[in-house]
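Q: I have just opened this one and would like a careful walk through it. Could we go through it together, a piece at a time?

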Amino acid sequence: MSTDDRGTHDHDHDHDHPGTTPDVNETGYYELMAEAMKELLIEKGVVSADDVRRNLEFLDSRDPVDGGRVIARAWTDPEFKKRLLEDGTAAVEEMGLTMGDAELVVVENTDDVHNMIVCTLCSCYPRTLLGLPPDWYKSKSYRSRAVIEPRAVLKEFGTEIPDDMTVRVHDSNADMRYLVLPQQPEGTEGWPVEKLAEIVSRDAMVGVVVPEAG
Amino acid sequence: MNQRQHDMGGMDAGPIEASAHEAEPWAKMITSLAAAMRDHDIMRIDELRRALEDLPPDVYEQDYFERWSEAMVNLLEEKGLLSRDEVMSRMDAIKEKVGD
Amino acid sequence: MPMFSVGDRVRIKNSHPPGHRRTPFYVRGKTGVIERYCGDFKNPEELAYGFDGTPKRELYRVRLAQTDLWDDYEGPADDTLDLEIFDHWLEKAEG
């Protein structure tokens, strides 16, 4: 559509430089594609460099420690815990965290129920609270097996749930995003909230492990 | 009726590799690019998911951010915002400039 | 006035329309119970194609028994699978 002088100029020399056309099998192909897309979209005024930078900064600032702080507060503040379970979105907003376009549902582990989160259709995940999802969460293995054999999957993470407990799997296929509220581990009673936040791993908030005092 | 490629619940699959490495800069960048477009309501997450689901099977087999990139190019072309040819040309140009 | 109430037994339609759908294959045709009404949301099946997704549709969390979903489910009968289903995919289940 737009005459790209630079591109035309380069193509005049195409036959003199046979190795320059990127090959999908070469390393760096997708790095090039990402850069090309960004340059073009900014040049065309679809987005601004500022927009991209701002979003990148936000993305980089997201960390599971934020989710950990939510859990730790729920462990130490029963009223907050009640609000968290009733309306997760509003409760995390109290702590300065946003859910963006999604809504948060917090599911509580109890003596009777263990919760586990998956997105079988893609990789929906509470990114604003936990950052980017780990590779395994997005893998075919997890997405396919978490729903059909959750207990076997949990075992692979070193988590064994006895048969007298219920395993509840949540497939986040719509506008809800899920966070598991694990049980506070024994031996941590009376710990300050900052210390408690440190023992809540991302994996515990996805529900594949349970936190330990260790 | 066949289960579509993205609709993975219950499909045959192997053990879970508990690897979790930090996303590469280019992967974070396209994520931010998509987010920026969503902010301006230019490209919706639903459209991007649909573009992913419609990828040819061999492209869908690629790693996560690789297939997202391909879906993005297809979707942006569909919307008339850029063309795959333009992207390829620009990749050429960047590669030459960098001297690889 | 939401179409379904908490506790209603519902069947997820065994339909396989082409295009972008957010009802996973493994729950189509299965029966469960309304766990909660999530609210009204824009229809992703429409948003995916550039439409504005309105009128909004009712979204429900449906709880299903794993032993109802999978023939060889390895685990107790109480294990469940919860997911969100839009109203147009649901019908009241008999009995």
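A: Before the helix pairs come up, one term is needed: an axis here is a line fitted to C-alpha atoms, for helices over the stretch in contact, and angles run from 0 to 180 degrees between N-to-C directions. Please also keep in mind that this is a predicted model.

Q: Okay, so how do α2(A) and α5(B) cross, and how close do their axes come?
A: The axes of α2(A) and α5(B) come within 8 Å and cross at roughly 110 degrees. Since angles of 65 to 115 degrees count as roughly perpendicular, α2(A) is therefore roughly perpendicular to α5(B). As for handedness, the crossing of α2(A) and α5(B) is right-handed.

Q: Which residues meet there?
A: From α2(A) come A:Leu32, A:Met33, A:Glu35, A:Ala36, A:Met37, A:Glu39 and A:Leu40, and they meet B:Glu86, B:Val87, B:Arg90, B:Met91, B:Ile94 and B:Lys95 of α5(B). Sorted by class, this contact of α2(A) with α5(B) holds eight nonpolar, no polar and five charged residues.

Q: And what is α5(B) like by itself, say its length and its buried residues?
A: α5(B) has 15 residues and reaches 21 Å from its first C-alpha to its last, close to the 21 Å expected at 1.5 Å a residue. Buried in α5(B) are B:Glu86, B:Val87, B:Ser89, B:Arg90, B:Met91, B:Asp92, B:Ala93 and B:Lys95.

Q: Which residues of α1(B) are buried, and what covers them?
A: The buried residues of α1(B) are B:Ala27, B:Met29, B:Ile30, B:Ser32, B:Leu33, B:Ala34, B:Ala35, B:Ala36 and B:Met37. Their cover comes from both chains, and includes α2 and α3 (49-61) of chain A together with α2 (45-53) and α4 of chain B. As for span, α1(B) has 15 residues and reaches 21 Å from its first C-alpha to its last, close to the 21 Å expected at 1.5 Å a residue.

Q: Is B:Asp41 buried or exposed, and why?
A: A residue counts as exposed if 12 or fewer other C-beta atoms lie within 10 Å of its own, and B:Asp41, with 8 C-beta neighbours inside 10 Å, therefore counts as exposed.

Q: Stepping back, what does chain B look like as a whole?
A: Chain B has five helices and zero strands, and from the N terminus on its elements run α-α-α-α-α. Its C-alpha atoms fill a box of roughly 45 × 30 × 25 Å, taken along the principal axes. Of the 100 residues of chain B, 41% count as buried.

Q: How many residues of chain B touch chain A, and which helices supply them?
A: In chain B, 48 residues are in contact with 47 residues of chain A. On the chain B side, α1, α4 (64-78) and α5 (84-98) each supply at least two residues, and the largest share, eleven residues, comes from α1(B). This side of chain B divides into 26 nonpolar, eleven polar and eleven charged residues.

Q: And chain C, how many of its residues reach chain B?
A: Ten residues of chain C are in contact with eleven residues of chain B. The side of chain C that touches chain B has seven nonpolar, three polar and no charged residues.

Q: Where in chain C is the cis peptide bond?
A: The cis peptide bond joins C:Thr54 and C:Pro55, with omega about 0 degrees. C:Pro55 is found in the loop between α1 (44-47) and β3 (57-65) of chain C.

Note on methods:
Residues are numbered from 1 along each chain as its sequence is written. Chains are lettered from A and ligands numbered from 1 in the order in which they are written. This is a predicted model: local features need pLDDT of at least 70, side-chain atom pairs count only at pLDDT 80 or more; totals for chains, interfaces and linings use all residues. Helices (H or I, at least four residues) and strands (E, at least two) are DSSP runs, numbered from the N terminus. A residue is buried if 20 or more other C-beta atoms lie within 10 Å of its own, exposed if 12 or fewer, and partly exposed in between; C-beta atoms are placed from the backbone. Two residues are in contact if their C-beta atoms, placed from the backbone, lie within 7 Å. Ala, Val, Leu, Ile, Met, Phe, Trp, Tyr, Cys and Pro count as nonpolar, Asp, Glu, Lys and Arg as charged, and the others, Gly among them, as polar. The expected span of a helix is 1.5 Å times one less than its number of residues. Angles under 35 degrees count as roughly parallel, over 145 as roughly antiparallel, 65 to 115 as roughly perpendicular and the rest as oblique. A crossing is left-handed if the near helix is turned anticlockwise from the far one by less than a right angle, and right-handed if clockwise.
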